[in-house]
Amino acid sequence: MTSPLQQKLKINGPVVVTANRLADGVVVYRGEGGWTTKLDGAAVTTSAAVAQELLAAAKADGLHAVDAYVAPVQVTEDGRVRPGNLRERIRSSGPTIDLPLHALRVKADHVPVR
Amino acid sequence: MYLYDELDRTLVGERVAEFRGQVARRLSGELTEDEFKPLRLMNGVYLQLHAYMLRISIPYGTLSSAQLRMLAHVARRYDRGYGHFTTRQNIQYHWIKLEELPDAMADLASVGMHGMQTSGNVVRNITTDQWASVAPDEIEDPRIWAEVIRQHVTLHPEFSFMPRKFKIAVGSSRHDRAALRIHDMALQMHRNGAGETGFEVMVGGGLGRTAFIAKTIKPFLHKRDVLSYVEAVLRTYNQFGRRDNIYKARIKILVHELGAEAFAKEVETEWQSIKDGPLALDEEVIADIASRFRYPAYARLDDSPPELAEARRSDRRFDAWVGNSVAKHKVPGYAIVTLSLKPEGGTPGDVTAEQMDVIADLADRYSFGEIRVGHEQNLALPHVAQRDLPAVWRALDAIGVAIPNVNLITDIIACPGLDYCSLANARSIPIAQEITRRFRNLDLARDLGRLHINISGCINACGHHHVGHIGILGVEKNGEEFYQITLGGKADEHATLGTLIGPAVPYAQVADVVEDIAAAYIELRERPDELFIDTVKRTGVEPFRERVYAAR
Amino acid sequence: MPLVKQGHIVEDVFVRVLDDAPIPDGVPVIVTAERFLADAAELAAREAPLGVLWPNNRKVAELEPWLGRLALVALIFPKFRDGRAYSQARLLRERYGFRGELRATGEVLRDQFLFLIRAGFDSLEVTKAADAEAFAAAVSTYSVFYQPSTDGRLAVRRRRLPPQTPAAGREAQETGQRHFEPR
């Protein structure tokens, strides 16, 4: 809620590192040596040291993703990873409201002309 | 409306080319994010929760039909089929891709539109009353002056890296419809004793963490001196505005810390040195800019044509709409039509590409090709002949922008909030949506009368909650969304900041609280036509506080 | 850090002298504001060119009495986003008529070149070598300018007026004070 970019690193449970993809702003999560759009594919840790490392690697990869930070998650009994607060829920699944009626179709695979 | 000439178009085209280069250098890694971010901000490109957001400038809220069609095209091609009109008369797209931005900007440049200086520490879009040039109580068209200033501050070499953003508004009616007094600088046109028109200059307004109403530092500025005086204010701010703390960097803080008088003196000293230099506006230059504004060739029509009266008699819904959404025009036989972008359950200010296209067509047919954008996040057709109102209404009704709730409780102003914005602490849109559901009954809404609700999802106050009759501010407490409620704010010529009525209430209770406040008003008002805001002023917030917190 | 002067990458002939170091004879030097003001008369009297590094939070009006004897004034952009030196530059050129070398130092990046030139700087200590090489391209990004400035380019509103009008003529005179054409 308060932008995590302004928070000190504090680990209070499982976290991931998340950012936005440079080219299109899509939400991504830090996985093994790269980025994934799927929260389930993210590297989850409860260690501040590991989180710090992931964050450093993420920040060093400014060519692919920007504004990386550490975000809380919840891990379910069957091992699925879920967003840890409302902000991350919204980032993960989109606005909590319906987009305007006629806009529900999402363009797939748009190819820029120029 | 202003017609871009070759020179204006060239500048915008050069800006697009420059930005294309900057995006390429960013994508290749030649520019780091730290170096690129201020550059993209200067083109109105934000990174939000889900995607990039593009803010396009609509200078003084005036659009041509061609421009509106292009906005629809951009929504379709580069976004998710809709756009969002903001509290500064701009439009935002919330799903833009960085790599497609140069193409989107090139498309917009073809109709003279751009995102220049809609973000960053520069002078932002200069706003005016959306009824400029058609309001009966206007002295002169304020947009000419907004344009004079706009050109001067665009890519200004001295003022492109100021301590913080700088928002200017220009007004020219007795009744302030442009919220002048919450701007960093505002110019209000007056006529002096000698019959000359000039400007009262106010500075230091602004909302956010520390809210201030602007103070008059120059009671009467001659037209000739507008640019040099603006320059003097900006130069004073650029040199002395705080740069140590982002929350203390606006000019309102400088004015507050120096005192308005001392600040006015600094500006005056600077101004005396430059007022007779190249920035002095002679008649020629003013006339040149004024000549680039096109005004409609109005027909000679009578007020209240019989077909209008007949239509009002025979259709109650049409009658209600005329009574609510149609305002008097300075030219006989014409009217100003407001399009409500506040449908029940909708997002305030959102318009689909399809709606935009229809509105553009209607503008061509019925409004001399012109549309206006208001800071209340509604649109207007400014030049509709009264005899055309029935046809216009039918067409607007068919696309859902003829709800007769303008200025009523469901005509809510709201920022995008946590559903979109990375600065937000809480959501604002669902709050607005629920309120529109609770007050969907138009008889009830009409009975409550003029009632402005403003909702902000964080203290940055993009929803202008401080100056709402009812202000709602989202905050975070222990990971939950809570909302502070204020009452009695005003954004007009009697600008006032609202008063907090008590502790923040949880998300699920906000609509209930608004219902309690509405019920309290009905009980407390002296007569049915005592406006909500006047009741609050008369009784103070205490009776409302009691009612709201009795059971909480 | 390459120095771009009048549009070309050049060797810097000026030597920056620290506050506690002796000032070499016969060499163009740049000293800090504190040092200069402590010894202004003496320093200004030296034969070899003298430059002053002026902080961005101090009024340039203090320098006015000495401008005729300064070969160079260097202004500072601690971060490129801190734009105070743009105002200082314009005041030096337009208010106080400074004709010597006006140098931008600190964080000086490509995307600010045109603003810097139009504000009156004629030399830039450019932070990145690649940016220095791209100078000519960077300053020809725009051909249209809304504001009058001392770089000789005519502002838009004057370009729109027929050249014979008195207003256009007056402006051409005022803005033609310093003419700088990048190559």
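**Aromatic rings and charges in a predicted model**

Student: What makes B:Arg209 count as a charge over the ring of B:Tyr247?

Tutor: The charged end of B:Arg209 lies 3.8 Å from the centre of the B:Tyr247 ring and sits over it; the term asks for NZ of Lys or CZ of Arg within 6 Å of the ring centre and within 35 degrees of the ring normal. B:Lys477 sits likewise over the ring of B:Phe482, 4.6 Å from its centre. This is a predicted model, in which local features need pLDDT of at least 70 and side-chain atom pairs pLDDT 80 or more. Residues are numbered from 1 along each chain, chains are lettered from A in the order written, and side-chain values use heavy atoms.

Student: The structure holds 21 aromatic pairs. Why is the pair B:Phe19 and B:Phe36 called stacked?

Tutor: Its centres are 6.3 Å apart with 20 degrees between the planes; rings pair if their centres lie within 6.5 Å, and planes under 30 degrees apart count as stacked, over 60 as edge-to-face and the rest as tilted. The pair joins helix α1 (residues 6-27) to helix α2 (residues 33-41) of chain B.

Student: Why is B:Phe19 called buried?

Tutor: Its relative accessible area is 0%, and buried means under 20%, exposed over 50%, partly exposed in between (1.4 Å probe, protein chains only). B:Phe36 also has 0%, so B:Phe36 is buried.

Student: What makes B:Phe161 and C:Phe115 edge-to-face?

Tutor: Their planes stand at 80 degrees and their centres are 5.9 Å apart, so the pair is edge-to-face. The pair crosses from chain B to chain C, and both residues are buried.

Conventions:
Phe/Tyr/Trp six-rings, centres within 6.5 Å; stacked < 30°, edge-to-face > 60°. Helix = DSSP H or I, 4+ residues; strand = E, 2+ residues; numbered from the N terminus.
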